[in-house]
Amino acid sequence: MKGRNLIAEVSEALKNRNQIENLRTSMLCMRDKRDAAMAGYTERDVAELRSIRQSSLSSLNENIKILKERLEKNGCNFYFAKTAKDACEYVASLARSKAVKRIVKAKSMTTEEIELNKWLIAEGFEVIETDLGEWLVQIAGQRPSHLTAPAIHLSRYEISKLIEEKIGVKLPADPKEVTKFVRSFLREKFLTADMGITGGNILVAETGSLVIVTNEGNGRLVTSLPRIHVAIVGVEKLVRTWNDAVRILDVLPKSATGQKMATYITILNSGSETPLPNDGLAKREFHLVLLDNGRLNALQDKVMSEALKCIRCSACFNVCPTYSVLGGHVFGYIYSGPIGIPWTYISHGLENAASFASLCISCGLCRETCPINIDTPTMVSEIKHRYGARNGYRWVDRRLAGYEDLIKLASIAPDMSNFLLDTGTMKWILEKFIGIDRRVSLPKFSKKSLRELLDVAFASRTEGERKVAYFADSMAYYINTDVGLAAVNVLRKNGFEVTMPPQRGSGMPSFLYGLLDSTKNVAEYNVKHLYEYVSRGYDVVSTEPTAIYCFRFVYPKLLGTKEAQEVAEKSYELFGYLLRMLENNKLDLSFKRYKDVKAIYYLPCHSRHLSKDKPVLKFLEMLGIETEFIDYGCCGMGGTWGMKRGYEGYEISKVIAEPLVSAISESDVDFVVTECSLCKIQIERFTGKKVIHPILLLDKAYKGLPVP
Ligand code: SF4
Ligand code: SF4
């Protein structure tokens, strides 16, 4: 968006502590309710829903034809709006021709997308939002900040103050009182409105039905009191059959609000009829405006078509770390939140999507929580890539995307690098010319690389029955080499022949900043060398969850080759791999058990994608370590993103980390355990507690030594 100053917006949002607290409390509550409702929703369910969405999109043109025929047969009016302007013009001209004065609306992001209110108000119509949250943001002169909870950013105190300021009614800061007042305030508007406008959650082609899911009764009043009902629905909401619709209806309320079932599910096959006082029925006019506005183009786009599968449950909002501290007015354009980035691309173009895409830190939590596994991080990286290719990349992104190369370069002279990186001058240079905040303490380089150390430690190689190709990633290769050595030790102890193929970093830094050509180069190099081993029966394991995340979810899509797919299928995060051995009674259990050792386990974002079992927790338990598991989502580091200077990264990252940092700081544990080397930097810098990779504990236990 031209003229948008994101840094200024971020710095303002971070000063708004009330909003941050409101967002955190509401999102945590929604997340917990959702997790409870979705317990038992399996990978198979995900695949089934994905396939329903895919097949609906694949037969979209045919479904549109069927829908149109059915609707017209049902006596409804059908209009296909190619653009936002077409849709707005259709509604305005209909309203003019029917002498409409007052319009009531139910919550609809699609009408927000086309800025219908602005259009209708400019034409002289009175437009009133009737969903409580939408009404509040309307009187505040704002736009919704969340897909399903438009006023999530406002506290109850702010709400009662707002009503007093805008409506002149003083109310206690009590949600019940506010709801009671708004209900009676809106009743007269419903009764005197000439037109009702809604969106729609699903359109069913086979019967020409519109399905509206709401939790407030306003949707029913909007569709049944005014004499005309207009529904504006995106073309992607169309499914062929009721079987498909029912599957979506089952998941939507659970994933959105943690409800088994939504309070109101309204199904309209034609304009609804309302009983009249004289026993008659009032038939109302019904118009369906089916909206394209970029969707059909997106359907042809290999990467962005993924967004069309979205059922708009908003679960991804409630886990997004940057959204959780900045809110949807900063983390958004008109659409906000994670899926709002690709949706902005589809409906409002590349520039507007790129205006807030840099706030995505590629943690992948949105993808992991999505009931359809929609790959938002890949779409966001593609948007960054397309924007960078057209307008040039920001220099700070370009430099931090090359972080793995910088590590390699600095490791040539580790002693000198370690000395220089501690000096104020070098910190100033790094901030000014690379973009790394001077407050970041960079980890120390190992005197020798892991490969050099392994050549000495394992000069005489043993032939194991099982074979593993170890991928160290940059941090264990040049910095935390003790982690790499421990991994090789533990695997060898368990009878594995371990080799370390030629390798570069995982490529995540360049993926994060959208430099996808560089990511592709790295992926090609790694896949080429790993495949040599995979094709000979080796499994690939890594101590860095991000590396396996890249192998499984990034490389196959970027490269699209059989080799990348096979490497993905044979790649494992080390503790998930060891857990499988344990379950197959193949793990050597002759390790020491510890007593009176207390730790906190922090589960890194990318690990969540790799196993639902939290394998590290099981091992800590076996080691006798009294472990507290804390789950605050992302630590805010986002690879190198949390190192970015000032309000571009560091300041946001610090606020994201607050709940995690205070939980760790207040505990009396001896250390924190986590697999991710970047989470380690983040946790150590903000808590001062020691952070240990779990493989170091297991290695010491095999050697009968005390914890490191
Ligand atoms: S990857 Fe993480 S930061 Fe990016 S949109 Fe998804 S949840 Fe938000
Ligand atoms: S992307 Fe997934 S989680 Fe996010 S709103 Fe869409 S369906 Fe829900």
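Predicted model: local features only at pLDDT ≥ 70, side-chain atom pairs only at ≥ 80, totals over all residues.
Figure 1. Residues are numbered from 1 along each chain as its sequence is written, while chains are lettered from A and ligands numbered from 1 in the order in which they are written. Strands (E, at least two residues) and helices (H or I, at least four) are DSSP runs, numbered from the N terminus. Two strands pair if DSSP finds at least two bridges between them. Strand β5 (residues 202–204) pairs with strand β6 (residues 209–214) over three bridges, in the antiparallel sense. The open sheet has four strands in the order β8-β5-β6-β9, and its pairing is mixed. Its edge strands, β8 (238–239) and β9 (264–268), each pair on one side only.

Figure 2. A residue is buried if 20 or more other C-beta atoms lie within 10 Å of its own, exposed if 12 or fewer, and partly exposed in between, with C-beta atoms placed from the backbone. Seven of the seven residues of strand β7 (residues 228–234) are buried, so β7 is largely enclosed by the rest of the structure. On one side these are Ile228, Val230, Ile232 and Gly234, and on the other His229, Ala231 and Val233. Strand β4 (residues 195–198) runs parallel to β7 and is joined to it by four bridges, with Met195 as the bridge partner of Ile228. Seven bridges, also parallel, pair β7 with strand β12 (residues 285–291). There, Ile228 stands opposite Glu285.

**Figure 3. Strand β14, with alternating side chains.** In strand β14 (residues 496–499), Phe496 and Val498 point to one face and are buried. β14 runs parallel to strand β13 (residues 466–471), to which four bridges join it. The bridge partner of Arg466 in β14 is Phe496.

**Figure 4. Val567 in the largest nonpolar core.** A nonpolar core is a set of buried Ala, Val, Leu, Ile, Met, Phe, Trp, Tyr and Cys residues joined through C-beta atoms within 7 Å. The largest has 218 residues, and Val567 is among those with the most contacts inside it, together with Val289, Ala307, Tyr470, Val540 and Tyr555. Helix α28 (residues 545–559) gives the largest share of this core, nine residues. Two residues are in contact if their C-beta atoms, placed from the backbone, lie within 7 Å. Leaving out residues up to four places away in sequence, Val567 touches Val527, Leu530, Tyr531, Val534, Val540, Phe551 and Tyr555.

**Figure 5. Helix α30 and its cover.** The buried residues of helix α30 (residues 574–583) are Leu574, Phe575, Tyr577, Leu578 and Leu579. Their cover includes α25 (481–493), β15 (539–542), β16 (571–573), α32 (615–622) and α35 (694–702). Just after α30, Asn585 takes a positive phi of about 55 degrees.

Figure 6. A residue is near a molecule if its C-beta atom, placed from the backbone, lies within 6 Å of it. Ligand 1 is surrounded by 15 residues, of which Cys320, Pro338, Cys360, Cys363 and Cys366 are the closest. Helix α18 gives the most to this shell, with three residues. Ala, Val, Leu, Ile, Met, Phe, Trp, Tyr, Cys and Pro count as nonpolar, Asp, Glu, Lys and Arg as charged, and the others, Gly among them, as polar. By these classes, the shell around ligand 1 has 11 nonpolar, four polar and no charged residues. Around ligand 2 there are 13 residues, and Cys310, Cys313, Cys316, Ile339 and Cys370 come nearest. The shell around ligand 2 has 10 nonpolar, two polar and one charged residues.

**Figure 7. Two loop residues with positive phi.** Most residues other than glycine have a negative phi, and most peptide bonds are trans. Ala99 has a positive phi, near 55 degrees, and is found in the loop between α5 (84–97) and β2 (102–105). Ala99 counts as exposed because it has 7 C-beta neighbours inside 10 Å. Ser362 has a positive phi of about 60 degrees and is placed in the loop between α16 (350–357) and α17. Ser362 is buried, with 26 other C-beta atoms within 10 Å.
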